[in-house]
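I opened this notebook to record, step by step, what I looked up in a structure that was new to me.

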Amino acid sequence: MKRILWLMVLLGLAGFSLSLAQPRTVKIGFVSTLSGGGAALGIDARDGFNLAVRLLNNQLGGLPVEVIVADDQQNPDVARQAVDRMLKRERVDFMTGIIFSNILLAVGDAIFEEKIHYISLNAGPSEYAGERCNPYFFNVAWQNDNLHEAMGQYVNTRRFENVFILAPNYPAGRDALTGFKRFYKGKIAAEVYNRLNQLDFSAEIAQIRAAKPKAVYTFQPGAMGVNFIKQYAEAGLLREIPLFLPGFSADADVIRAVGRPMVGIYNSSHWALELNNPVNQRFVEEFRKAYNRTPTLYASQGYDAALMLDAAIRAVGGDVSRKDDLRKAFLAGFNSTRGPLKFNPNGYPIQNYYLRQVVQAPNGEIINRLAGNIFSNHSDAYVSQCKLK
């Protein structure tokens with residue numbers, strides 16, 4: 001009997017020692033738009049994130065990682081259900097992945113109430129930048145206004161005196177035109193908000209033709225951008241009225257779908273293929289090798305989100321229960337595809353914004369090329385309203 005008891009004790013101690021030797025797994029909840037008109041954006045972000053994890057030997061901060069993926073279908077109700085499962089059943093340590101700001105705003109409070117850090121790899125609503133800033137929110141990409149501010153500045157320097165501006169009627173669309181107008185000082189020919197997920201722009205193109213502006217600026221995400229540019233070109237307006245875009249409406253996914261009509265279009269971006277730093281060079285090379293396509297800025301942001309988590313988890317020695325120390329580590333920044341990146345107290349990045357132009361490369365590929373620098377070390381317009389330190 002005693003021998004049996006001793007065997008049980010020894011087995012228990014062995015199991016205890018084994019459990020101590022096994023590092024805990026970090027669980028990441030990745031909820032994104034993976035179907036419908038915005039799917040290309042979420043897929044690129046997911047592929048960039050997964051690529052970084054693979055290159056980190058399937059670890060983040062030296063710990064094994066499990067990435068749990070769900071499709072929000074660009075539907076707030078579906079997103080709420082997915083986030084609820086991530087928080088209550090999966091018990092994730094961090095969350096990321098959401099592309100659209102209206103989706104993030106629908107689920108953000110539930111995530112923050114559980115004191116889970118949310119690393120946004122895209123959506124950057126103004127609501128989380130100012131008075132409603134949250135210690136558990138960080139954005140590795142931008143604040144929604146930023147790329148539009150950059151293009152507003154560029155169009156202003158080109159002295160276009162009368163510009164028609166257009167965006168979908170949802171939080172990121174409204175932030176877009178607010179950002180553009182913050183730096184563009186000329187006359188607005190018209191400010192139009194179309195439906196989110198709209199694919200037929202014949203009415204808006206008729207409005208543009210009637211308004212006779214000197215230039216057009218529009219933000220249309222995903223399939224919306226593809227359709228707008230195709231219809232704008234088919235209407236003959238590309239030859240008559242210059243079209244300016246934010247980078248995410250003129251990136252590799254849009255170029256692949258639209259083709260040659262994109263050549264010559266200027267766009268604003270915080271990232272470019274040829275940014276000359278080791279992290280970006282490795283990202284571009286490995287992404288092309290893994291997926292046989294040119295990466296977009298969405299893919300770079302997914303990649304950077306994983307690198308940001310890796311750096312912060314490593315900084316706290318793998319103890320992700322140290323929430324305050326994690327926040328300090330996130331604020332301290334990391335080495336990204338854009339170079340060393342740091343953050344304001346509201347969780348948004350301080351970074352450069354560039355001018356890109358779509359060109360046809362000598363090998364025939366149509367891609368973006370850097371054409372200049374618009375802003376250096378640019379911060380969002382709302383950080384002074386944030387009370388966090």
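Predicted model: local features only at pLDDT ≥ 70, side-chain atom pairs only at ≥ 80, totals over all residues.

I began with the strand order and found an open sheet of six strands, arranged as β2-β3-β1-β4-β5-β6 with mixed pairing. Strands β2 (59-60) and β6 (137-139) stand at its edges with a single partner strand each, so one side of each is left without a neighbour in the sheet. I then looked at β4 (residues 94-96) and β5 (residues 117-120), which run parallel and are joined by three bridges; T96 stands opposite I119 in β5. Across β4, β5 and β6 lies helix α12 (residues 323-332), which runs at about 20 degrees to β5.

Entry on helix α7. Which residues of helix α7 (residues 202-211) are buried? I found E204, I205 and I208, and, seen down the axis of α7, the buried residues fall within an arc of 100 degrees, so they line one face of the helix. These buried residues pack against β7 (162-168), β8 (187-194), β9 (215-218) and α8 (223-234). After α7 comes K212, with a positive phi near 55 degrees.

Entry on the disulfide. My search of the whole structure gave one disulfide, which joins C133 to C386 with an S to S distance of 2.1 Å. C133 lies in the loop between β5 and β6, and C386 in the segment after β15 (366-378), so the pair ties together parts that are 253 residues apart in sequence. The torsion about the S-S bond of C133 and C386 is about 90 degrees, so I noted the disulfide as right-handed. I also checked burial: C133 is buried at 12% relative accessible area, and C386 is buried at 9%.

Conventions: Residues numbered from 1 in each chain as written. Heavy atoms only, no water. Pairing = 2+ DSSP bridges. Helix = DSSP H or I, 4+ residues; strand = E, 2+ residues; numbered from the N terminus. Contact = heavy atoms within 4.5 Å. Axes fitted to C-alpha atoms, helices over the stretch in contact; angles between N-to-C directions. Buried < 20%, exposed > 50% of the residue type's maximum accessible area, 1.4 Å probe, protein only. Arc of directions from axis to C-beta. Disulfide = S-S within 2.5 Å.
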